[in-house]
Structures are given as structure tokens and as C-alpha cells.
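Thanks for coming, everyone. Let me put the structure up, and then I'll walk you through a few places in it.

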Amino acid sequence: MLQHTSEKRKKIATIIAFASVPLSGFMTDIYLPSFPSMAKDLAVPEHDVQLTLTVFLLSYGVSQLFIGSILDSIGRYKPKLIALVVLILCSIFISLSSSITAISLLRMVQGVAISLMVVANRAFFVDMYQGEKLKNYLSYFTIVWSCGPIIAPFLGGYLEKLFTWHANFYFLAIYGSILLILDLIFSGETLMNKKKFNLKEVTALYRSMLGNTMFILGIITLGIAYSVVMVFNITGPFIIENAFHQNSVVIGYCTLILGFSWMIGGILSKKLAHYSFKKRILFPALLQVVLIAILLGIGLGYENLYLLVGFAFAIHICSGFLYTIFFTTSMLYFPNNAGIAGGLLGGLVYVITSITSYVISNFGHVNTQLDLTWRYLIMSALLLIVVWFSLQIAKRKG
């Protein structure tokens with residue numbers, strides 16, 4: 001049991017757990033700059049390549065709905081090791097594949113494996129720490145996670161330029177292998193009291209969680225906040241290449257910059273934690289809508305890549321700010337059932353994101369900055385509505 005080992009080993013295991021957090025971001029973002037070249041190389045339409053991300057997000061989300069209760073019954077450590085092995089093998093097979101159907105199926109399997117890893121990681125911190133220390137670590141969780149979206153597309157753009165899009169998935173296999181070795185050496189089981197799986201009790205827990213209005217509104221807010229970011233992730237690479245005539249490296253730089261915006265949002269949220277809940281969530285939601293409306297107005301007569309990325313940077317800061325607030329508060333509602341709560345939260349967030357991603361990529365053509373901005377505006381308006389409802393419920397509860 002990891003809790004009974006030395007403080008040094010606990011610290012190393014915690015660092016490894018944090019190093020595992022960005023892997024899900026790498027899984028989604030490292031090949032974004034390669035979308036156009038994958039479509040050409042595999043001789044498929046653009047939306048078929050976008051679908052590989054959608055199926056990953058969907059399987060990632062749906063599987064988290066059930067994995068939490070399983071991990072609360074059998075533990076965290078061994079399932080996490082198995083998940084890493086599956087991720088490594090799938091990444092290698094994707095690198096060797098020339099079929100979009102096979103890649104989509106493998107991405108679906110990866111979604112299940114990464115969801116197992118993510119839920120186990122969330123539960124790791126709840127198992128190991130309590131009180132303010134736990135709250136502090138959870139607030140860092142989204143900041144550390146944002147390292148994936150920051151580094152991954154930038155790295156992916158260069159990997160594609162130097163080699164091909166296949167190199168992105170070889171990198172994921174190497175990253176997973178390093179984590180697997182470190183976990184085998186330094187980490188261990190963190191669940192002190194395994195709970196025998198009881199369908200009746202699990203069903204009652206799910207009913208209790210789904211009946212908590214603030215918890216559900218938090219999940220919806222997280223899903224839509226991340227969906228705002230996915231607008232650029234899904235459509236941006238094609239617009240940058242086709243409308244602005246830039247290559248994968250430029251796409252990587254753009255997504256690198258926007259990755260920093262998500263991290264900045266998380267850091268600002270942590271720094272301003274002493275302000276009231278109302279002030280912290282209402283202002284960024286309103287600001288985001290205003291920024292998009294300004295971008296829309298300018299874009300009616302003028303389109304420019306620097307302008308687009310500059311506004312997107314500020315827009316994503318707002319989403320990162322809101323995501324960190326709602327993630328931290330939502331994870332603290334059910335500390336005695338961290339696996340189930342974390343799985344339900346993460347699962348529904350990515351189910352929401354996968355649905356919005358599918359709509360974004362399939363609802364009409366996205367060829368210009370203006371097409372992207374309209375999608376930004378719709379998602380941001382939805383986010384503002386949910387935030388407003390959260391405030392009304394919070395007021396009623398005092």
C-alpha cells in the first residue's frame with residue numbers, strides 16, 4: 001500500500017501521477033496539426049479524420065461512467081498498468097495502419113484505456129491526500145493537464161514536418177512506455193478499503209450524484225467550456241492550411257499559443273480563489289461572449305490569422321478559468337466515492353464534448369474564420385446560460 005511507504009516514495013509517486021495527467025491531452029491534441037496531411041495520405045474526406053477524434057472522446061467519456069465503480073472495487077494500480085500497455089500497443093498499431101476505419105477503432109480502444117488512467121489518477125489524489133492539501137492538488141490538476149494541449153500540437157507539427165503524421169503516435173507509445181516503467185518502479189496501490197461491487201449500492205450512488213443539481217450543472221459547464229476550445233481544435237487546422245495557406249508547423253505554433261491560454265485561465269482561477277463564486281464565474285462567461293461578438297463583427301469585413309489567434313487566446317483563457325473552478329468544486333462533492341464521482345464527472349464531460357465535436361465538424365462546411373467564429377458564439381452563449389443557472393441554484397441554496 002503506497003500510503004505506508006516512505007515520504008520520498010510518496011512524493012515520487014505523486015510526481016509520476018502528475019506526469020500522467022497530460023497524457024490525455026497528448027492523446028487528443030498531438031495529431032491535430034496532422035489532420036490535413038492525414039486526410040490527403042489516407043485519401044479520405046476531412047470529416048473522416050475529425051471523426052477519429054470524436055470516437056476517441058465518445059469512448060473516453062462513456063467508459064468513464066462505469067470505470068469509477070470498478071476501480072473502487074478492484075483498486076487503481078493494476079488497472080492503470082494494463083491501460084498503459086493497451087495505449088502503447090494501440091499507438092504502435094495506428095502508426096502502422098493505412099486504414100481510417102482501423103484507426104478509428106483503435107482510437108476507440110484508446111479512449112477506454114485513457115479513461116481508466118484518468119479516473120485512477122483523479123482517485124490517486126483523493127486516496128492519498130485530504131483537506132486543503134487535496135483541494136490544492138485538485139486545483140493544480142487542470143493546470144498540469146493543460147501542458148498536454150500546450151506542448152502536444154507544437155511537437156506534433158514538427159514531428160510531421162520532420163517525419164510524417166505516423167511519428168505522432170510513435171511518440172505516444174514512447175511516452176506511455178516511460179510512464180509504465182516509472183509506475184512499475186515507484187508507484188503502487190492507493191485504495192485502502194476496496195468496496196465490494198454491489199449493483200444496488202452503485203445504482204443508489206449514481207442516483208444520488210445525478211440528483212445533485214450543482215454537481216450536474218458543474219459537469220455541463222465543464223463539457224461546454226471544453227467544447228469552446230474544441231471549436232478551434234477541430235476546425236482550426238483546416239482553416240489555417242486552406243484559408244491562410246500555412247503548414248503544420250504554423251498550426252502547431254497556433255495551438256501551442258492557445259494551450260498556454262488554457263493554463264493561464266487555470267492559474268488565474270487559482271489566484272482569484274478568494275473572490276466570491278458569483279464574481280469568479282459570471283465575469284469570464286460574459287467576457288467570453290463579448291470577445292466573440294467583437295471578433296464576429298471584425299470578421300465580417302476582415303480576416304487575419306494573427307487576429308483570430310489573438311482573440312481565441314483570450315476566449316480560451318475564459319474557458320480555462322471556468323473549467324478550473326467547476327472541476328475543483330465538483331470533485332469535492334463526493335470525497336468518499338472519488339472513483340465513481342470522478343468517472344461520472346469525466347465521463348459526462350467528454351460525452352458532451354464528443355457530441356458537440358461531432359456537430360461542429362458535421363454541421364455545414366467550416367472554410368473561413370467567420371465559420372469558426374459563429375461556432376464559438378453558439379458554444380459560448382450556451383456556456384453563459386448554464387453559468388447563469390448555476391448562480392441561481394447557488395443563491396437558492398444560500
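Let's start with a cysteine: the sulfur of Cys-254 has its closest cysteine sulfur 19 Å away, in Cys-318, and that is too far for a bond. A disulfide, remember, is a covalent bond between the sulfur atoms of two cysteines. The rule here asks for a pair of cysteine sulfur atoms within 2.5 Å, and by that rule the count is 0 disulfides. Cys-254 is also buried, with a relative accessible area of 6%. Buried means under 20% relative accessible area, exposed means over 50%, and partly exposed is in between, using a 1.4 Å probe and protein chains only. Cys-90 is buried too, with a relative accessible area of 6%.

A quick word on what you're looking at. This is a predicted model, where local features need pLDDT of at least 70 and side-chain atom pairs count only at pLDDT 80 or more, while totals for chains, interfaces and linings use all residues. Residues are numbered from 1 along each chain as its sequence is written, and side-chain values use heavy atoms, with hydrogens and water left out.

Cys-90 sits in helix H5, so let's go there. Helices here are DSSP runs of H or I with at least four residues, strands are E runs of at least two, and the numbering goes from the N terminus. H5 covers residues 77-96, and its 20 residues reach 30 Å from first C-alpha to last, close to the 28 Å expected. That expected span is 1.5 Å times one less than the number of residues. Among the buried residues of H5 are Tyr-77, Lys-80, Leu-84 and Leu-87. What do the buried residues of H5 pack against? They pack against H1, H2, helix H4 (46-74), helix H6 (100-128) and H9. Contact, by the way, means heavy atoms within 4.5 Å.

Now for the rings. A search of the whole structure finds 18 aromatic pairs. Rings of Phe, Tyr and Trp (its six-membered ring) pair if their centres lie within 6.5 Å; planes under 30 degrees apart are stacked, over 60 edge-to-face, and the rest tilted. Phe-26 and Phe-171 make a tilted pair, 5.6 Å centre to centre with 35 degrees between the planes. Phe-26 is in helix H2 (residues 23-29) and Phe-171 in helix H9 (residues 166-186), 145 residues apart. Buried or partly exposed, which is Phe-26? At 5% relative accessibility, Phe-26 is buried, whereas Phe-171, at 25%, is partly exposed. Phe-26 also pairs edge-to-face with Tyr-175, at 5.3 Å and 85 degrees. With Tyr-175 in H9, that pair ties together parts 149 residues apart in sequence.

Last stop: Val-21, in the loop between helix H1 (7-20) and H2. Val-21 is buried, at 4% relative accessibility, and touches Asn-121, Phe-141, Val-144 and Trp-145, leaving aside residues up to four places away in sequence.
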